Amino acid sequence: MSAVSVDEIMQRATAAAGIFSQYDQQQTDRIVESVYRAGFAARVRLARFAQEETGIGRWDHKVIKNVVATQFVYEDIRDLKTVGVIREDTDNGILEIAQPVGPILAIIPATNPTSTVMFKVLSALKTRNPVIVSPSRRATACTVEAARICYEAALDAGAPEDCVQWLADVSREQTQALMAHSGLALILATGATGLVHSAYSSGTPTLGVGPGNVPVFIDRSADVPFAVNEICASKLFDNGTICASEQAIVVERALADDVMAAFRQHGAYFLNPAESRQLEALVLDTSGHMSADIVGRPATDIAQRAGLAVPPDTTLLIAPLDGVGDDYPLSREILAPILAFYAVEGFDHAVNVCIDLNFYGGIGHTVSLFCNDEARITAFASLMNAGRIVVNMPSAQGAVGRMYNSLSPSLTLGCGTGGKNITTDNVTARHLINIQRVTRRREDRRFARFDLSLYLDEGVDADAIHEAFNRNY
Amino acid sequence: MATATTTQTDFDLTDTGGTWHCVLAGRLDTERCERITEPLLSRLQESNQGITFDLAEVSFVASSFLRLCILATRAVGNGNVCLVNTAPTIKKVFKIAGLDGPIRID
């Protein structure tokens with residue numbers, strides 16, 4: 001759709017929105033099932049395509065992402081009411097009616113391109129919203145292919161023309177014009193911080209994400225080999241490209257040797273201070289941001305580029321650090337098999353380091369702990385600023401939902417106001433409807449029999465009003 | 001006053017003296033709209049007179065009916081394509097699509 005103007009794209013999208021408004025729940029669900037089946041059937045091909053095009057991550061892990069985005073998401077939304085009356089509360093006289101929000105712009109990241117397309121298209125179509133897919137430049141072809149597969153399946157099931165569109169070759173200016181277009185209802189912004197900020201600045205309502213910087217605390221009550229196994233399963237998943245994957249391990253010093261030994265059994269290589277500095281020079285670009293060149297690359301490849309001599313079976317590079325912040329570049333989010341490591345004195349110190357990490361670029365996102373002490377879990381969780389506090393599970397898969405817990409499966413993880421987002425929820429189809437409330441008359445009898453003139457008398461204080469208002473004769 | 005009537009399987013078209021009156025019924029899906037678009041547009045272009053679509057018996061419109069209305073508007077000018085007896089669900093389609101300006105909906 002390269003030759004089409006922004007206005008034409010929006011005209012098509014608004015026409016599709018109009019047509020979609022006539023569909024009932026059954027017709028809508030038939031479309032969603034068709035898209036799910038087509039996306040699921042293409043899971044391996046699209047995973048290979050994404051890995052080959054971007055060079056990021058592992059195709060076999062991207063298959064799992066595609067499964068989450070289709071099978072798990074479909075299971076989550078299949079029975080969800082999204083058309084017409086979705087809830088009736090006769091006691092309180094409230095009737096809720098779902099309406100589509102309107103055309104949605106879906107911004108797709110290079111790290112999870114095909115899975116994010118399928119997740120967003122399923123969520124949009126379930127709610128009768130047309131969707132315009134905006135690929136990352138690094139993942140355009142696989143993103144467009146995923147969108148095309150979804151669109152054709154939707155059409156086969158009777159969906160409106162142009163209910164899925166995609167931008168194959170548009171300039172940054174055109175994307176910004178689209179974001180600000182008066183016909184656009186919502187932006188689902190998953191991607192780099194700059195792009196998410198552009199979406200917020202456009203004036204169009206946006207469900208965005210924030211960056212992560214996930215600490216994982218291994219408490220002394222934890223099962224260390226289990227914890228390390230789970231952390232490796234998460235951090236090595238798709239070579240660390242999920243923003244909810246662990247970025248720093250925090251342990252009490254008494255556990256440090258056991259934890260390090262367990263990581264070494266999984267192929268981790270602990271860097272010395274000089275090696276850490278070599279790695280810092282590689283992972284940050286000239287502006288101090290994470291270098292795109294190392295995102296989703298294997299540990300051995302990164303080590304080689306940094307000039308580090310590591311064993312050929314190295315899976316993970318771990319840098320023991322003394323602090324958090326700009327003086328410790330490896331304490332920031334790095335979407336690759338690289339972890340920081342902190343050995344500290346006691347629980348309080350550990351929590352303080354986790355707070356530092358959480359607030360150093362990851363506010364509102366996700367934190368993780370391995371712990372079997374309920375009091376400590378509650379204390380830890382209440383001190384963090386995170387939408388998801390995942391306990392005794394791999395953080396990446398845990399935050400995405402469904403595989404290890406009951407969170408809604410999602411590839412758009414809200415980070416609350418700390419991450420400049422409106423929600424801490426895992427964003428799903430539930431967020432893509434406007435809910436109208438029909439309210440029937442249910443008088444508050446206290447108000448009806450209350451002497452309203454008391455409000456006009458400044459001599460009557462709040463306690464007196466409260467007593468009079470609630471008097472139960 | 002009707003001066004001529006054309007009855008086809010898909011639509012009834014009557015020249016009311018300066019304006020075409022077109023009665024449609026049922027589901028205006030893609031296939032059906034594609035069948036009627038060409039003959040209707042030919043009439044409009046030949047006669048250069050506006051058209052009123054009577055949608056009293058129409059239960060659903062596809063994108064292609066919106067396209068037909070847009071093409072008809074281009075042929076005869078803004079305000080000269082009119083929809084009458086429009087069901088609320090279909091009126092809403094035109095509102096959402098932003099077509100209620102160039103196309104009159106009564």
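## A charge pair across the chain

A:E96 is buried, with a relative accessible area of 9%; buried stands for under 20%, exposed for over 50% and partly exposed for anything in between, using a 1.4 Å probe and the protein chains only. The model you are looking at is predicted, so local features need pLDDT of at least 70 and side-chain atom pairs count only at pLDDT 80 or more, while totals for chains, interfaces and linings use all residues. Residues are numbered from 1 along each chain as its sequence is written, chains are lettered from A and ligands numbered from 1 in the order in which they are written, and side-chain values use heavy atoms, with hydrogens and water left out.

What does A:E96 meet in a salt bridge? Its partner is A:R437, with 3.0 Å from N to O. A salt bridge here is a side-chain nitrogen of Lys or Arg within 4 Å of a carboxyl oxygen of Asp or Glu. This pair links distant parts of the chain: A:E96 sits in strand 2 (residues 94-100) of chain A and A:R437 in strand 15 (residues 433-439) of chain A, 341 residues apart. Helices (H or I, at least four residues) and strands (E, at least two) are DSSP runs, numbered from the N terminus. While A:E96 is buried, A:R437 is exposed, with a relative accessible area of 51%.

## Other salt bridges

Over all chains, the structure holds 27 salt bridges. One of them joins the side chains of A:E145 and A:R148, at 2.7 Å from N to O. Both residues lie in helix 6 (residues 140-156) of chain A, three residues apart, which is about one turn of the helix. A:E145 counts as buried at 14% relative accessibility, and A:R148 counts as partly exposed at 28%. These two also belong to a network of salt bridges that links A:R45, A:E145, A:R148 and A:E152.

Chain B has a salt bridge to look at, too: the closest N and O atoms of B:D100 and B:K95 are 2.9 Å apart. B:D100 is partly exposed, with a relative accessible area of 31%, and B:K95 counts as partly exposed at 47% relative accessibility.

## Helices side by side

Helix 6 of chain A has a neighbour in helix 3 (residues 43-54) of chain A: their axes come within 8 Å and cross at roughly 160 degrees. Axes are lines fitted to C-alpha atoms, for helices over the stretch in contact, and angles run from 0 to 180 degrees between N-to-C directions. That angle makes helix 3 of chain A roughly antiparallel to helix 6 of chain A. Angles under 35 degrees count as roughly parallel, over 145 as roughly antiparallel, 65 to 115 as roughly perpendicular and the rest as oblique.

The crossing of helix 3 and helix 6 of chain A is left-handed, a label used if the near helix is turned anticlockwise from the far one by less than a right angle, with right-handed used if clockwise. Helix 2 (residues 25-41) and helix 4 (residues 59-77) of chain A pack at an angle of about 155 degrees, with their axes 8 Å apart. That makes helix 2 of chain A roughly antiparallel to helix 4 of chain A, and helix 2 passes helix 4 in a left-handed crossing.

Strand 3 of chain A runs parallel to strand 4 (residues 131-134) of chain A, joined by four bridges; two strands pair if DSSP finds at least two bridges between them. The bridge partner of A:A106 in strand 4 is A:V133. Four bridges also join strand 3 to strand 6 (residues 186-189) of chain A, again parallel, and there A:L105 has A:I187 as its bridge partner. Strand 3, helix 5 (residues 113-126) and strand 4 of chain A make a right-handed β-α-β unit. A crossover is right-handed if, with the strands pointing away from the viewer, the path from the first strand over the helix to the second runs clockwise.

## A sheet of seven strands

Chain A also has an open sheet of seven strands in the order 10-11-12-9-8-13-14, with parallel pairing. Its edge strands are strand 10 (268-270) and strand 14 (386-391) of chain A, each pairing on one side only. Five bridges join strand 14 to strand 13 (residues 364-370) of chain A, and A:S368 stands opposite A:V390 in strand 14.
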